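Good morning, and thank you for coming.

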Amino acid sequence: MKKIILSLLIFISQFSYGQEMWGISNSNYSGNMGIFLNPSEIVGAPYKYEINLIAGDFFAENSYIYFPKDKNIVLNTIFGNNEPGKNYLFRNSTALQKGFGHTLIIGPSYIKNNGDWAWGLHSAFRSELSVLDVPAHLAYTFYSGFHAPEIFGVRFNSTPMSFASASWLELGGTYGRVYSETEKHYIKWAATGNLLIGFNGLYGDIQNLDYTVLDSSNVVFHNVNAKIGKAIDDSFIALRGAGLSTTLGATYMHKRKQGGFECNRSNDNIKKYDYRVGVSLIDLGTIRYFRKSEIIEIATGANQVWTGIDSASIGLENVGTTVVSNIGGSIREEGFYMWMPLAVSTQFDYSFTPKIYGNLSLVKRIHFMENQIARGDQMNLAVRYEKRKFEANLNYTLFEWDQPSLGLGIRYKWFVIGSDRLLQFIGLSDTQAFDFFFGFKFQFCKRPFSPGPDCAAFQ
């Protein structure tokens, strides 16, 4: 168990990865980088075509482990200058601990906008990870490696907790259209449907963990009730499951100006709308894992001493046999479902001038199963300067309602780059989160690669 809960938190802290790409997702030019938040943004967009070559978002955040700012962990990791040994610390808190990680790599993708209707195709690799409700005493036990004398002889009884992780290839299609348009009111909608090809899957549902650390190598488990489902082996990319998912979105615009969405440079000087409000249901779906999959039931009704737990070699590939042999339980070859990180989101965008916007967005997770990846709750407040060729976005995020951060995103023609954890990225604050996103994508006013020049806005 040692490397199943806290090691996930450490893994998150050391750049398991992505979140919502706030520096670009709410832009009128977000394209394929915005459909994961609200797919209706592609309908009536100020471009006719988009070709995405590659884009990525890498994010991680946890509430327990952090790297002091003097370690400058992000830049030192990038340049290979990290000090050896354990260079992270823990938050001294009695609250339940949690962590989230996400990788999104958007591969070749395409959007065709026909004005009052649009469609698109996308490919992506995604990896998601969440850890919820880990008691502080258990996190500290693992952090100390069972070598903290102050926990010796103390009996702990944990409340329910869970963790979940999955990686998959996503092949999706998006279709949307204008529902209603008048002089003052404009409503559009879109839906994305995805085929999911599951690679790795793992979840843990720990209902009860009653234990006493006798000393640095011996722990007595009084009562354990836990279930682990896993579909993992030595090969990272292999077909182990399949599934379907969808993201649904709708947007209302007040006093939308068609001239602001014409595919030419003059739209920079026309106010696109007074304000817009978007709503979306994100990642409704599941993957059924059916290859290399097993269910591990961990249970003991009597005291069971695990000798040598501090030196036990526990990995994801052998967690079942190791834990069951030392605590008790059973292992059976059986498939399982993994539910996606479902959430509901609202986005409010206000146009102060043709080029300056303010945005308030919320994401609230819907978590209903232990074998479900949890999405982090978020509130994001942003201001952006937006033109066809250039955009800058400065944002403030409140993650899980209590972890603030500043972010910056920049788009110049076909290149996007940014971070929603800017101060932690450059080492100006303690690092308990990481975020970085980028994109290479081209937007056109005419059919790509057809004869003749594109509109002047892209020259």
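Predicted model: local features only at pLDDT ≥ 70, side-chain atom pairs only at ≥ 80, totals over all residues.

Buried here means under 20% relative accessible area, while exposed means over 50% and partly exposed lies in between, with a 1.4 Å probe and protein chains only. Helices are DSSP runs of H or I with at least four residues, strands are runs of E with at least two, and both are numbered from the N terminus. The buried residues of H3 are Ala136, Leu138, Ala139, Tyr140, Thr141, Phe142 and Tyr143. After H3 comes Gly145, with a positive phi near 65°.

Residues are numbered from 1 along each chain as its sequence is written, and side-chain values use heavy atoms, with hydrogens and water left out.

Helix H4, residues 319-327, is mostly covered, with 7 of its 9 residues buried. These are Val319, Gly320, Thr322, Val323, Val324, Asn326 and Ile327. What lies over the buried residues of H4? The cover includes strand E10 (218-231), strand E13 (293-300), strand E14 (304-307) and strand E15 (329-333), where contact means heavy atoms within 4.5 Å. H4 is followed by Gly328, whose phi is positive, near 125°.

Most residues other than glycine have a negative phi. Asn72, however, has a positive phi near 45°. Asn72 sits in the loop between strand E2 (65-66) and helix H2 (73-79), and its relative accessibility of 23% makes it partly exposed. Asp133 likewise has a positive phi, of about 65°, although it is not a glycine. Asp133 belongs to strand E6, residues 117-134, and counts as partly exposed at 34% relative accessibility.

I turn now to the aromatic rings. How many aromatic pairs does the structure hold? There are 35. Rings of Phe, Tyr and Trp (its six-membered ring) pair if their centres lie within 6.5 Å; planes under 30 degrees apart count as stacked, over 60 as edge-to-face and the rest as tilted. The ring centres of Phe261 and Tyr273 lie 6.4 Å apart with the planes at 25°, so this pair is stacked. Phe261 and Tyr273 are 12 residues apart, and both are in the loop between strand E11 (241-254) and strand E12 (275-289). Both residues are buried.

Phe425 and Phe434 form another stacked pair, at 5.8 Å centre to centre and 25° between the planes. Phe425 and Phe434 are each buried. They also belong to a cluster linked by ring pairs, together with Phe58, Trp414, Phe415, Phe436, Phe438, Phe440 and Phe442.

Ile410 lies in strand E21, residues 403-412, and is partly exposed at 35% relative accessibility. Ile410 and Asp435 are 25 residues apart in sequence and 14 Å apart in space, C-alpha to C-alpha.

By contrast, consider Ser40: is this residue buried or exposed? Ser40 is buried, at 0% relative accessibility. Its place is in the loop between helix H1 (6-13) and strand E1 (49-62). Beyond residues up to four places away in sequence, Ser40 touches Lys188, Trp189, Ala190, Gly249, Ala250 and Thr251.

Finally, the whole chain. The protein chain has 5 helices and 23 strands. Its radius of gyration is 24 Å, close to the 23 Å that the globule rule gives for 459 residues, so the chain is as compact as a globular protein of that length. That radius is taken over C-alpha atoms, and the rule is 2.2 Å times the number of residues to the power 0.38. The C-alpha atoms fill a box of roughly 75 × 45 × 40 Å, taken along the principal axes. Of the 459 residues in the protein chain, 58% are buried.
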